[in-house]
Structures are given as structure tokens and as C-alpha cells.
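User: Please take a close look at a single part of this structure and describe its surroundings in a connected account.

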Amino acid sequence: MKTSKNGINLIKKFEGCRLTAYKCAAGVPTIGYGHTAGVKMGQAITQEQADRYLKDDLVKYEKNVGKYDSKYRWNQNEFDALVSFAFNIGSIDQLTASGIRDRKTIAERILQYNKAAGKVLEGLTKRRKAEQALFLKPIPKNLKAAAIESHHAQLN
């Protein structure tokens, strides 16, 4: 499964895009849409590089969420919400207790991850509420049917 445009827009909304390096609330050098790998203070990038970093970074977090798909069979909204969460936190392993928690508990616990350096941050609280709302948002039945048809078409 891949992050939908809806999921990407959620990440973009809360990460924002900065084309020059800055230190995030946790003190980590960051650039673009929350990209941290190899970032040096004083570094500058183009919008195209920011978009490429986001696309490349999503792969890691999609894999992290996807490794639990055999247990949970995520729908697109759940997947998108959890990729956003993982993009920000680094992983959903602790949130899911490595696949032990049920969906209800996961949805409830999303809100608890609203701190950076031990402090509750309003921006993280808003992000977690948005992720939780998306996680809990039902997929319309006609979209479910279309997804099943698409999946069957890929198998044939």
C-alpha cells in the first residue's frame, strides 16, 4: 500500500516545508518536509529536492506501517494516518506494541504522542488529533468495492 494524496497532504500540512535547514522542536537538524537524514545546519535545497526527499522518506515509513498489514489489514485512511504518525515519530512499533494492540487502543494512544523533549506541544496535539480523526474515518463502501476490484484485477 502507498500513502494517498490525502495522507501526503496531511504530512505536508503539519511538517511544513522549509528550504533552509533548521532545528526542529526536538533539536534535530531538519529541512524540506521534515527530512532529517544527513542534514547540516546552513544547508539549503530547492522545492524539487524537498519533494524528492519527501517521496523517498515516505518509503521507509510505508514499510514500517506495512509490516503490520497482515495482522490489521489497514484501510487507506488508517494507513495514511499511521504513515503520518511514523513520519513524525519514526515508527509505529511502540504505538501498536509491535502488533499486539487492537485498533481501538491504537486510535486512543495516538493522542499520547504529543510531546517533544518532554514538553506537550500544541502543534503535535493538533497533528495527533488529525491523525486520529483520519484513522477512525470510515472508508465509503463504494471505495471499498473499487479497491477490491482493483486488487483482483492486479492478481489476474
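Analyst: **Thr30 and its surroundings**

The side chain of Thr30 reaches the backbone oxygen of Val28 at 2.8 Å, a polar contact (a pair of N or O atoms within 3.5 Å; within protein, one must be able to donate a hydrogen and the other to accept it, and residues adjacent in sequence count only if both atoms are side-chain atoms). This is a predicted model, in which local features need pLDDT of at least 70 and side-chain atom pairs count only at pLDDT 80 or more, while totals for chains, interfaces and linings use all residues. Residues are numbered from 1 along each chain as its sequence is written, and side-chain values use heavy atoms, with hydrogens and water left out.

Thr30 lies in strand E2, residues 29-32; strands (E, at least two residues) are DSSP runs, numbered from the N terminus. Thr30 has a relative accessible area of 3% and is therefore buried, where buried means under 20%, exposed over 50% and partly exposed in between (1.4 Å probe, protein chains only). Leaving aside neighbours within four places in sequence, Thr30 is in contact (heavy atoms within 4.5 Å) with Thr20, Ala21, Tyr22, Cys24, His35, Thr36 and Val39.

One of these partners, Cys24, is partly exposed because its relative accessibility is 25%. The structure holds zero disulfides, a disulfide being a pair of cysteine sulfur atoms within 2.5 Å. The cysteine sulfur closest to that of Cys24 belongs to Cys17 and is 15 Å away, so the two are too far apart for a bond. Cys17 is itself partly exposed, with a relative accessible area of 30%.

Note on methods
Helix = DSSP H or I, 4+ residues; strand = E, 2+ residues; numbered from the N terminus.
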